[in-house]
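This report covers a pair of packed helices and a chain interface. The sequence and structure come first.

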Amino acid sequence: MADMLKRVPVREQDPKERAKNFEEVCYGYNLEEAMEEAARCLNCKNAKCIEGCPVSINIPGFISKVKEGDIEGAYQVIGESSALPAICGRVCPQESQCECKCIRGIKGDPVSIGKLERFVADYALENDIKPKKAEKTNGHKVAVIGSGPSGLTCAGDLAKLGYEVTVFEALHELGGVLVYGIPEFRLPKEKVVKKEIEKVRELGVKFETNVVIGKSTTIDQLIEEEDFEAVFIGSGAGLPMFMGIPGETANGVFSANEYLTRSNLMKAFDDSYDTPIVAGKKVAVVGGGNVAMDAARTALRLGAEVHIVYRRSEAELPARVEEVHHAKEEGVIFDLLRNPKEILVDDNGWVKGMKVIKMELGEPDESGRRRPVEVAGSEYEIEVDTVIMSLGTSPNPLIASTTNGLETNKKKCIVADEENGQTSKAYVFAGGDAVTGAATVILAMGAGKAGAKGIHELLSAK
Amino acid sequence: MYKILEAKKLAENIYLMNVEAPRVAKHCEPGQFVIVKIDEKGERVPLTICDYDAEAGTVTIVFQTVGASTKRMADLKAGDSFRDFTGPLGCPSEFVNEDIEELKKKNILFIGGGVGAAPVYPQVKWMKQHGIDVDVIVGSKTKDMLILEDEMKAVSGNYYPCTDDGSYGHSGMVTTKLEQLVKEEGKKYDLCVAIGPMIMMKFACLMTKDLGIPTIVSMNPIMVDGTGMCGACRLHVGDEIKFACVDGPEFDGHLVNFDEAMKRQAMYKTEEGRALLKLQEGDTHHGGCGHCGGDN
């Protein structure tokens with residue numbers, strides 16, 4: 001008899017092997033393992049896990065189908081709430097969402113909700129189980145700006161209600177951060193992201209790539225000239241921040257966005273693709289979020305010795321626990337309580353090192369985290385040939401600056417109602433990182449759902 | 001897919017293509033650029049817009065073969081297609097928003113170096129369409145390398161071709177022609193727009209600073225997305241860091257840090273050389289260039 005207090009372990013690629021390839025780290029459950037893990041669910045009447053999920057998936061509902069071995073049934077239950085379960089099951093921070101509310105977690109491991117969701121979704125992808133489509137269109141045209149998690153969710157929800165939806169994407173591939181940001185070894189592109197997006201297309205959603213809203217056309221023109229009745233902006237927060245320290249424009253200094261875009265979207269790690277990447281021998285990644293972990297583990301796979309340079313201590317790392325654990329297993333070195341002061345540059349303009357200062361933690365700041373303070377006189381130099389800045393991103397001001405009457409706040413985020421996504425401009429809705437600043441995939445999906453609901457309420461009352 | 005309607009060679013290593021891209025064509029303004037990607041495995045390459053026709057839905061691009069991607073692009077024929085064609089990107093030239101009557105009072109000079117004559121062309125054409133005659137200096141290595149001469153002549157006021165080897169027009173650099181116009185012929189300019197290789201723009205700016213002429217340059221750093229999400233194209237303009245793809249590509253030339261920009265432009269030299277060799281030598285490529293170690 002299995003120990004009901006412990007979760008069924010998930011099979012993973014060996015750390016020594018995977019540090020050298022871009023294959024997915026976690027293999028996921030098979031049917032037997034999934035049914036065994038599902039059996040640990042207590043099927044609570046007043047299920048707390050649902051409250052922890054930003055899109056309120058009926059978690060005990062789908063898990064009870066898994067228990068019975070009815071995986072198609074489980075997929076339809078998830079499909080009522082989520083358009084991208086194969087993605088969320090992989091990249092959601094479940095430890096701070098659904099799983100942290102699980103009753104099993106009080107005395108033992110919580111149920112592996114994310115891994116079960118992933119299993120169900122992967123099964124649906126492999127067996128070509130289709131989501132339920134609207135019976136007929138209602139004739140209303142809606143434009144969605146951006147094909148990241150919020151846009152895809154909003155488009156999928158609206159299509160299910162019968163809307164004629166067109167998604168406009170600036171890049172040449174669909175998926176937003178799912179294709180350019182999150183690496184292959186966490187989220188396979190061909191096997192998972194592309195297929196999941198195909199399911200949204202099967203709902204009747206049209207996609208147009210290479211359209212930069214604000215340049216190729218504007219939101220006002222979509223409404224006035226192309227007869228879209230409502231617009232949802234899910235353009236994300238893709239503008240990288242730099243530190244403003246000396247040496248930051250040297251060769252060998254990259255934003256994490258550039259490094260990851262080259263590797264993930266342009267497949268620079270694969271020699272048969274044209275886009276180059278500087279692999280580096282000794283790489284410093286500045287920052288402690290998920291993006292920093294992704295950049296560090298990418299550099300590692302390209303053959304470098306990699307250091308994470310973070311100004312607070314391990315307890316404050318904003319990255320997911322699982323990612324930090326994986327990074328350590330693979331050999332990423334953590335230089336904590338350190339902050340760069342200057343990037344040292346050689347005569348040819350290339351990075352040759354970095355001056356860093358030691359930090360200590362002072363009083364908590366507004367965010368509740370203890371504020372890092374420099375230790376006077378503790379500067380020293382480290383030798384690196386590549387620096388990747390992963391300090392966060394902010395919304396690109398392009399859309400707001402080219403749309404009449406669209407209000408933004410001082411952080412350049414679009415102001416929108418949390419409940420229905422309504423912005424300051426009539427018939428224009430927004431959600432995801434464009435509104436909140438950089439957050440998570442699942443929160444963006446939640447905002448996409450709210451936006452779809454807001455648009456439906458507005459247009460169906462017409 | 002974006003169909004190539006016309007493809008022709010303008011000079012050695014310089015090609016012109018007319019591409020069907022209605023959304024781009026409809027919104028083009030002088031000073032902007034596009035990003036093209038040949039196929040699935042291609043890279044995103046920023047290219048100059050040389051001309052556009054909103055009604056026909058076409059955009060004309062001009063490029064020089066400098067590496068593997070542009071070489072591959074040069075092999076495309078009319079009837080072939082680009083997988084991706086994004087734009088227009090970047091900010092339009094500042095003058096498109098200025099008062100026409102004020103502009104008419106100014107003496108404006110355009111300088112195009114090499115393939116830089118192509119992005120100069122739509123700006124000069126715009127001036128002509130608004131009733132403004134401007135002076136244009138175009139430079140190239142030799143007579144055969146001079147591009148778009150008839151087109152440019154048709155829209156410029158005074159047109160001054162220059163060749164490094166003296167085979168046509170003024171013998172020497174665009175900068176010496178400029179110096180001659182101002183110092184010997186007593187020309188006065190209120191604004192100069194210089195577009196070409198970074199080294200040419202740098203020297204043009206040193207000259208115009210000396211002559212006291214405000215100068216705009218169009219920067220051509222390495223780019224990836226071209227929409228402001230990565231900062232690959234960042235450069236120093238005065239004390240500020242700017243992203244050429246969204247803040248530019250046009251900047252005050254007297255504030256640009258050209259030396260830094262030129263170093264950044266050379267960042268992938270080894271990788272680019274390797275890709276080019278692999279393309280030229282195909283299966284016979286087994287190293288020997290001293291840098292790449294063959295296909296390893």
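The sections below treat the model, a helix pair and the interface in turn.

## Model

The structure is a predicted model.

## Helix 12 and helix 13 of chain A

Two packed helices are described by the angle between their axes and the distance between the axes. In chain A, helix 12 spans residues 256–265 and helix 13 spans residues 290–301; they pack at an angle of about 50°, and their axes lie 10 Å apart. Because of that angle, helix 12 of chain A is oblique to helix 13 of chain A. The crossing of helix 12 of chain A with helix 13 of chain A is left-handed.

On the side of helix 12 of chain A, the contact is made by A:Ala256, A:Tyr259, A:Leu260 and A:Ser263. Their partners in helix 13 of chain A are A:Val291, A:Asp294, A:Ala295, A:Thr298 and A:Ala299. By class, the residues of this contact are six nonpolar, two polar and one charged.

## Interface of chain A and chain B

The size of an interface is often given as the accessible area lost when the parts come together. For chain A and chain B, about 3,800 Å² is buried between them, with 49% of it on carbon and sulfur atoms. A:Lys215, A:Thr249 and A:Asp274 account for 19% of the area that chain A buries against chain B, more than any other three residues. In terms of residues, 48 of chain A are in contact with 43 of chain B.

Five salt bridges are found across the interface of chain A and chain B. B:Arg23 forms a salt bridge with A:Glu226, where the closest N and O atoms are 2.7 Å apart.

Key:
Residues numbered from 1 in each chain as written. Chains lettered and ligands numbered in written order. Predicted model: local features only at pLDDT ≥ 70, side-chain atom pairs only at ≥ 80, totals over all residues. Heavy atoms only, no water. Axes fitted to C-alpha atoms, helices over the stretch in contact; angles between N-to-C directions. Helix = DSSP H or I, 4+ residues; strand = E, 2+ residues; numbered from the N terminus. Parallel < 35°, antiparallel > 145°, perpendicular 65-115°, else oblique. Left-handed = near helix turned anticlockwise from the far one by under 90°. Contact = heavy atoms within 4.5 Å. Nonpolar A, V, L, I, M, F, W, Y, C, P; charged D, E, K, R; others polar. Buried area = accessible area lost by both parts, 1.4 Å probe. Salt bridge = Lys/Arg side-chain N within 4 Å of Asp/Glu carboxyl O.
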